[in-house]
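Take a look at the structure below. We will start with a sheet and then turn to charged pairs.

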Amino acid sequence: MASVTYDHVVKRYTADLTVVKDFNVEIKDKEFMVLVGPSGCGKSTALRMLAGLETITEGQIRIGDRVVNNVAAKDRDIAMVFQSYALYPHMSVYDNMAFPLQMKKLPKAEIEKRVNNASRILGLDNFLQRKPRALSGGQRQRVALGRAIVRDPQVFLLDEPLSNLDAKLRGQTRIELQKLHNDLETTFIYVTHDQVEAMTMGDRIAIMNAGILQQVGTPDDIYDHPANLFVAGFIGTPTMSFVPVTLQNGTAKASGFEVKLPKHVESAKGTLGFRPEAVTDKPSEVATLDMKVDVVERLGSDQFLYGQVGSDTITARVDPRLKVEVGDQVKLGLDTRSLHLFDAETELALL
Amino acid sequence: MPDLSQFLTNQLPTLVVAVIGVPVVIGLYIVGLEFLVRRLPDAVQPRARPWIWVGPALVFVTVFLVIPLISTIWISLQDKHGTAFVGLSNYLAVLSDPAVLLTIRNNLYWLVLYTFFTLLFGVMMAVLADRVPYETPVKSLIFMPMAISFVAMSVIWKFMYSYQPPGATQTGTLNFLLTSLLHIDPITWIQDQRFNNFALIAVAIWGWVGFAMVILSAALKGIPGDLLEAARVDGAGEITIFRRVIFPLLMPTVTVVATTLIIFALKAFDIVYVMTAGNFDTNILAVKMYQEYFVSADPGRSGAIAVILLVAVIPVLVFNLRQFRAQEARR
Amino acid sequence: MSVMAQERIEAPAWSARWLADRLGGVALHVAVIGLTIAWMVPTLGLFVSSFRHLTDISNTGWWTALSPPFNFTVENYSKVLAQNNLGTSFLNSIMITIPATIIPAALAAFAAYAFSWMKFWGRDILFLALVGLLAVPLQLTFIPVLKMFNSVGLSGTFLGIWLAHTGYGLPFAIYLLANFFRSLPTDLFESAEMDGASTLTVFFRIVLPLSVPAIASLVIFQFLWIWNDFLVALIYLGGTPPVAPMTVTVANLVNSLGSGYHLLTAAAFLSMIVPLIVFFSLQRFFVRGILAGSVKG
């Protein structure tokens, strides 16, 4: 079994510096789990603790049923793809991929078989004798993947593998990685700061901020039901609009409009959140927003308006054929079926 | 002709053994001890292992640098025969000896003039060479004296400084230029006490300008071209650019080169020993130290002079250490 | 109309600014070339003199030999090789320099690796001490080391001077190599650790192959330094002809030749051949050795 469990894992460097706080997550066998969060949130540290490159201050990490806290990195039966690929510059592609197997003292025939197999899967057959400096960024990344594949591990760890590629290549490689995951049928744990990667690639996503796990769930779950303000603002492009509101008698009062809440909440003050697609040019009987447009973004398939409603800034997604200019005053409808409300203090979701 | 057969039978084997044998032995030592380390419990291994790797080096450094350093200080506190402890009397004797005071004065000349002019010419050549397309051969030729020994340099300049009485044909290059271009009487560069110190220092400068130039040239090329272009667009002339953009950015490197040169000026030995043996008032501390030990057979006084050298170096040493720690903190 | 206007836009060819630029350019080249030639004159002078008869050297300047009648000879070289032990000295220099270069390099490589990539108690203090030792003049070690050599019979032997040069050369060698090793990317080591490579494997199969330029620089730098060394050889080999390297032999000739100083020219040049060849063919590495840790800011 190659599930991975983080059980109350903490990473502390000094009394003042705790980088990972009480991290609890269970990753299922063969799952593609993405750890996502802004820079410095502790995701890479969490990954490296699993890899064995960082010591675990408190808690347990289990691979399958095995506690690996004190197991050496090379004995954990995992493979890692580094952000910078970490290819040995003086060795050929073949030797780079053969190296881990040589360390395991596998017979030469077996090494050759595995390297050729991985090379075939990744399309590296023509490059086996080249050195890394003669390869493009995308090719180098594939060699790094190949080096992980030949080890036939129980878990693959990937640390921001796409961040060094240009935008177009990134899109292509994303698809290839997902295909690879399906073919290999092995657990993938993938770290990134890019929420688009997280949403498109993960079976499930774990969002971290400042060392604390914010939410774990499927992309749909997280998108539709963010657990707190941070998650709501981190996932989704363009970002969700946030409006401070006071709550009275089941109504949320914002500076520019009011809306009735579907259920009763305890708090008196909160933040109302709604995604751009909830604010459209279709009229609504429940809530109408009167926006003064500051910026118009036309993307061909979409059109986004950024502007002021009352004293708050709101993003709206309107019909691309609608003609809007900067400075116009437009009336927009708010779809209350996808409303989010967060407590002003705890920032937790109330709806 | 050298006895080639003797060399081949006696010495070549030793050479081969030393050159191949020693790395092999060291390698086997490391591999062998690694084997033993692996038998230790896992937690202990990372603590024991490094000592194997640094061990031999530390032993050599301790035996040849650290212990002798302490020992010399100890010797300087003893009498001529090394039997009685005489405290600081060697230092008192040495510091009141006019011959030694002379060497201190000369070392100060070396310190100031050698460092300053080597840096000056180094910066100059780095900046000038940077602006011509044939930069590489120019730098190579100026750097070339670094490849030869100070002894060879001394021979070269001995001929440069050659003197013939006034009226006779001058065979020394400098005196030739003096008499034919400037119509002055030739100078006995090596004996004339008005000039001889500077003549000797000039040899060292000539040898090491290349050193300063190479380092400063690398630093110069590290200055982003954008900065200079921005300055030009802002209307600054070339000299202003040098004064207010280039030179300040070179300062850290200039400092590093200066510290190396200062240490060097204090240690200078070869040139003076070969060209004047310290005579004609050109003596310097390192030569005097040698003479006290090998000629006057007085280890106490010799050690005292060595310690004086150490004391002179300490400010530079402290500075180096501070720079190093600042650098490390930034990593 | 527009054609005339265009002509007026281009500045007249002989404006003051253009002249200043042009002359500035010429002045630069004159300065650079002049300085370079001036720098070469001393060496050139000796080189030319080494091919002249004694009578020519003592009576006329070396520059006169550059115009006919040319009176060149190689007798200085043949004489000095035959009678002044220069051949033996050359072999001695080789015997001294090569091991004294290789031994510290090997020891330094292992130590530098530990300083760079292993954590151990006292590591930082020891490294700091090493940096400090770089500044200490060797004069502070001669008396005790010589005493020690005398008592174990190592003075006047090649082994003794190999050991001394090793001790003296280690601080710089370790410093240079440690700086280089530390610049290798961390994730290379992490990847190797995950691949299951042992310390030895990482050192021999990853670090050393990647460090060839740094090691080459060290070796060349050290080689030139020891070949050209005078003081250490003088003290530990005692100036006795059988084991004296070329520097010591030439230095002795300076004072002992008296009227035979024409031989000195050839002797000096013979001592320069090997370093010059090493220098010109491997300059890149030598320069890199010097730059190690010197460019700051």
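In chain A, 5 strands form an open sheet in the order β13-β12-β11-β14-β20, with antiparallel pairing. Each strand is a DSSP run of E, at least two residues long, while helices are runs of H or I of at least four; both are numbered from the N terminus. Two strands pair if DSSP finds at least two bridges between them. β13 (258-260) and β20 (340-343) of chain A stand at the edges with a single partner strand each, so one side of each has no neighbour in the sheet.

This is a predicted model: local features need pLDDT of at least 70, side-chain atom pairs need pLDDT 80 or more, and totals for chains, interfaces and linings use all residues. Residues count from 1 along each chain as written, chains are lettered from A and ligands numbered from 1 in the order written, and side-chain values use heavy atoms, without hydrogens and water.

Now for the charges. Over all chains there are 27 salt bridges (a side-chain nitrogen of Lys or Arg within 4 Å of a carboxyl oxygen of Asp or Glu). One of them joins B:Arg301 to B:Asp97, with the closest N and O atoms 2.8 Å apart. B:Arg301 lies in helix α13 (residues 299-330) of chain B and B:Asp97 in the loop between α3 (89-96) and α4 (98-130), so the pair ties together parts 204 residues apart in sequence. B:Arg301 is buried at 16% relative accessibility, and B:Asp97 is buried at 15%. Buried means under 20% relative accessible area, exposed over 50%, partly exposed in between (1.4 Å probe, protein chains only).
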